[in-house]
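Work through these exercises with the model in view. Try each task before reading its solution.

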Amino acid sequence: MRQQQRPPRIARRTLLKAVGTAAAASGLLGGVRIRRRGRLSGQALAAELPPAARGYRPAVMQAVTLTVNGQQYTVEVDTRDTLANLLRERLHLTGTHVTCDRGECGACTVVVDGRAVYSCSVLAVQMQGKEVLTVEGLAKGDQLDPIQQAFIECDGFQCGYCTAGQIMSIKACLMRQPDPTEADIRNAVAGNICRCGAYPGIIAAGLQAAKAQRQGG
Ligand code: FES
Ligand code: FES
C-alpha cells in the first residue's frame with residue numbers, strides 16, 4: 001500500500017524560537033525560508049510561516065522579579081512562558097519536572113507563597129514579587145529535608161519522575177499543618193499522579209516527615 005506523504009512537521013520549540021527571534025539568520029522552518037533582513041515585523045514573519053503556524057505571534061518580553069529558593073532574580077521572560085519554563089530553562093533548576101504540561105499530573109508542583117502550584121499552569125509574569133520554593137531549595141547542604149529523607153526511608157518512589165512534585169505538595173501541606181492526619185497527606189498529594197504506584201510509601205513518607213519535623217529532625 002502506498003504511504004501518504006505527511007506535511008512537514010515543525011517542532012514547537014523551533015517555531016517559538018523562530019517567532020521570538022525574527023532577526024535570526026536564515027534557516028529552514030518547516031520548509032519555509034526565513035530570510036535575513038533585520039527584524040521582521042510580526043505580519044511579515046507570519047506571512048512566511050506555513051498556514052498551520054500563522055496563529056503564532058512574536059514574543060512580548062517583560063521583566064519579572066521573584067525570589068526562588070531564597071535568592072532574588074530579575075528575568076526578562078516571554079509573556080507566554082510558564083513558571084516551569086522560567087525555572088527549568090532560564091534558572092536551570094531542572095529538579096522541577098514537566099510531564100503532561102497541562103495541569104493534570106502534578107509532576108511540576110512547586111510551592112508559591114506557601115501554596116502548592118502546578119508550575120506548568122501559571123505564567124512566569126504572574127510570579128512578580130512571589131516567593132517560589134523548588135525541590136532544589138529543600139536540602140541544607142548535605143542535610144536533606146525531612147521529607148526527602150522520609151521518601152528514601154519509606155520507599156516513596158520507584159522511577160522518581162513524580163517525586164519532586166510529590167515532595168513539594170507535602171512540603172506545602174506541612175508548612176500549613178505541622179501535625180497532619182493521613183487524610184491530610186492523601187489530600188495534599190491528591191493532585192500528584194504516580195505512574196509507578198508508590199502511593200503507600202508516599203503517604204508513609206509524609207507522615208514520617210511530619211513527625212520528624214515536629215521532633216526537630
Ligand atoms: S506537568 Fe504540570 S501538571 Fe503535569
Ligand atoms: S515514582 Fe515513578 S511515577 Fe512516581
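**Exercise 1.** In which loop does aspartate 81 lie?

Solution. Aspartate 81 lies in the loop between β4 (71–78) and α3 (83–90). Helices (H or I, at least four residues) and strands (E, at least two) are DSSP runs, numbered from the N terminus. The model is predicted: local features need pLDDT of at least 70, side-chain atom pairs count only at pLDDT 80 or more, and totals for chains, interfaces and linings use all residues. Residues are numbered from 1 along each chain as its sequence is written, chains are lettered from A and ligands numbered from 1 in the order in which they are written, and side-chain values use heavy atoms, with hydrogens and water left out.

**Exercise 2.** Find the nearest side chain of opposite charge to aspartate 81.

Solution. Start with the terms. Buried means under 20% relative accessible area, exposed over 50%, partly exposed in between (1.4 Å probe, protein chains only). Lys and Arg count as positive and Asp and Glu as negative; His and the chain ends are not counted. A salt bridge puts a side-chain nitrogen of Lys or Arg within 4 Å of a carboxyl oxygen of Asp or Glu. Now the residue. Aspartate 81 is buried but has no salt bridge. The nearest side chain of opposite charge is arginine 90, 4.8 Å away. Next, look for contacts (heavy atoms within 4.5 Å). Leaving out residues up to four places away in sequence, aspartate 81 touches Leu123 and Ala124.

**Exercise 3.** How many salt bridges does the rule give? Examine three of them.

Solution. The count is six.

- Step one: arginine 80 pairs with aspartate 78, with the closest N and O atoms 2.9 Å apart. Arginine 80 is partly exposed because its relative accessibility is 35%. Aspartate 78 is at 12%, so it counts as buried.
- Step two: glutamate 104 and arginine 102 meet at 3.4 Å, N to O. Glutamate 104 is partly exposed at 46%, whereas arginine 102 is exposed at 59%.
- Step three: arginine 214 bridges to aspartate 179, the closest N and O atoms being 3.1 Å apart. This pair links distant parts of the chain, 35 residues apart. Arginine 214 sits in helix α7 (residues 199–214), and aspartate 179 in the loop between α5 (163–176) and α6 (182–188). Arginine 214 is partly exposed at 44%. Aspartate 179 is partly exposed too, at 48%.

**Exercise 4.** Which residues form a nonpolar patch on the surface with about 240 Å² of accessible area together?

Solution. The patch consists of Leu144, Ile152 and Phe157. Patches take residues with over 30% relative accessible area and no salt bridge; like charges are joined within 9 Å, nonpolar side chains (Val, Leu, Ile, Met, Phe, Trp, Tyr) within 5 Å. Check one member. Leucine 144 is in the loop between β7 (131–133) and α4 (146–153). Its relative accessible area is 32%, so leucine 144 is partly exposed.

**Exercise 5.** Describe the whole protein, then its confidence.

Solution. Count the elements: seven helices and seven strands. Their order along the sequence is α-β-β-α-β-β-α-β-β-β-α-α-α-α. Of the 217 residues, 39% are buried. Among contacts with a separation of 6 or more, 52% join residues 24 or more positions apart. Now turn to pLDDT, the predictor's confidence in each residue, from 0 to 100. The average is 85, and 75% of the residues score at least 70. Over residues 18–38 the pLDDT is below 50. Beyond near neighbours in sequence, that stretch has 44 contacts in the model.

Notes
Areas by Shrake-Rupley, 256 points an atom, 1.4 Å probe, with all protein chains shown as cover.
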